[in-house]
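Here are a few notes to get you started with this one. Have it open beside you as you read.

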Amino acid sequence: MPRPLKPTTSYGARSPWDTSAAFEESFRILRSNLSVALADIDRPTVIVTSASAEEGKTLTCVNLAFAFAAAGRRTVLVDLDLRHPNAHRLVNAHNEFGVSEVLLGKRKLEDTLQYVELPVQPSGPQTGLYFLGTGADVANPAELLGTGRTSRLLSGLAAQADLVLIDTPPVLPVADTLVISRIASGALLVTAARLSSTIAVSKAKDLLIRNQTRLFGVVLNKFQARDASFGYGYGYGYGSPARAEPEDVTAEPPSPNGADSAHIAGTL
Ligand SMILES: Nc1ncnc2c1ncn2[C@@H]1O[C@H](COP(=O)(O)OP(=O)(O)OP(=O)(O)O)[C@@H](O)[C@H]1O
Ligand SMILES: [Mg+2]
């Protein structure tokens, strides 16, 4: 039985659950598909990343954390995007201190972890969503993340949770994510429909695989119903974006009235 997590602060979440039923459902499907991929891993740590910026890593990671926690899995959401921290905003938590302070030995983990109250609290002891923000900016994120302290931090969290989900920077512009992926169980690669470059996604996939990172799947984010040629009420697609045709990835902004569907698009 894992040790209990002891967060110091508790926040009522500003739920990133969108009001759209299709959006919620897409995260349930994503949760279910990822659960299958994680079935053989004890206390997994999963990084959520993408090839380039703004493809929806943070939104996906946070909503997935909510989906797992809502299903009664004790879930820890960690923001390791030390260059562009954003997850705290989506879970309505503070970012006054976090990973940086723990890694630099300025704070203990148990005094840093925050508890996020879910809109509907799952039953059962020790369930729920816990959050660890980035904390203060550091000068050398990749170096700090590459230390044994980061590895010990993640394994310490994993020992106390059913699942650790980690928001990270994009793979191509900085080294941080490859450094983190070496100490995680594997990765989910987020792509944005009609926005991601096929070449960039393919390059990111190759880098992760060369880095011995297990790829659990690809999430097709910012996917709108009209993208689906085989429509249900909302689009749902399997297949690797690495095999997508270039015309599938031209840029188009997401709908202004909220989030579009996010789907696990297939394993690589
Ligand atoms: N499915 C979606 N539907 C609509 N808007 C979305 C969706 N996913 C992400 N966005 C929007 O796209 C922008 C980028 O999302 P997000 O911050 O999650 O991306 P990111 O990959 O984490 O970016 P960064 O690389 O800067 O960390 C945000 O404004 C977010 O609200
Ligand atoms: Mg982000």
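1. Strand β2 has both of its faces covered: Thr45, Ile47 and Thr49 are buried on one side, and Val46, Val48 and Ser50 are buried on the other. The strand runs over residues 45-50, and six of its six residues are buried. Do keep in mind that this is a predicted model.

2. Who sits beside β2? One partner is strand β6 (residues 163-167), which pairs with β2 in the parallel sense over four bridges. Look for Val46 here, whose bridge partner in β6 is Leu165. Strand β7 (residues 186-192) also pairs with β2 in the parallel sense, over five bridges. In β7, Val190 stands opposite Ser50.

3. Now for the helices. Helix α1 (residues 21-37) packs on helix α2 (residues 57-70) at an angle of about 75°, and their axes are 9 Å apart. That angle makes α1 roughly perpendicular to α2. On the α1 side, Phe27, Arg28, Leu30 and Arg31 make the contact, while α2 brings Asn63, Leu64, Ala67 and Phe68. By class, this contact has five nonpolar, one polar and two charged residues.

4. Staying with α1, its buried residues are Ser26, Phe27, Leu30, Arg31, Asn33 and Leu34. The length works out too: at 1.5 Å a residue, its 17 residues should span 24 Å, and the end C-alpha atoms are 24 Å apart, which agrees.

5. Stepping back, the protein chain has eight helices and nine strands. Of its 268 residues, 47% count as buried. Among contacts between residues at least 6 apart in sequence, 82% join residues at least 24 apart.

Definitions and conventions: Residues numbered from 1 in each chain as written. Chains lettered and ligands numbered in written order. Predicted model: local features only at pLDDT ≥ 70, side-chain atom pairs only at ≥ 80, totals over all residues. Axes fitted to C-alpha atoms, helices over the stretch in contact; angles between N-to-C directions. Helix = DSSP H or I, 4+ residues; strand = E, 2+ residues; numbered from the N terminus. Parallel < 35°, antiparallel > 145°, perpendicular 65-115°, else oblique. Contact = placed C-beta atoms within 7 Å. Nonpolar A, V, L, I, M, F, W, Y, C, P; charged D, E, K, R; others polar. Expected span 1.5 Å × (residues − 1). Buried ≥ 20, exposed ≤ 12 C-beta atoms within 10 Å, placed from the backbone. Pairing = 2+ DSSP bridges.
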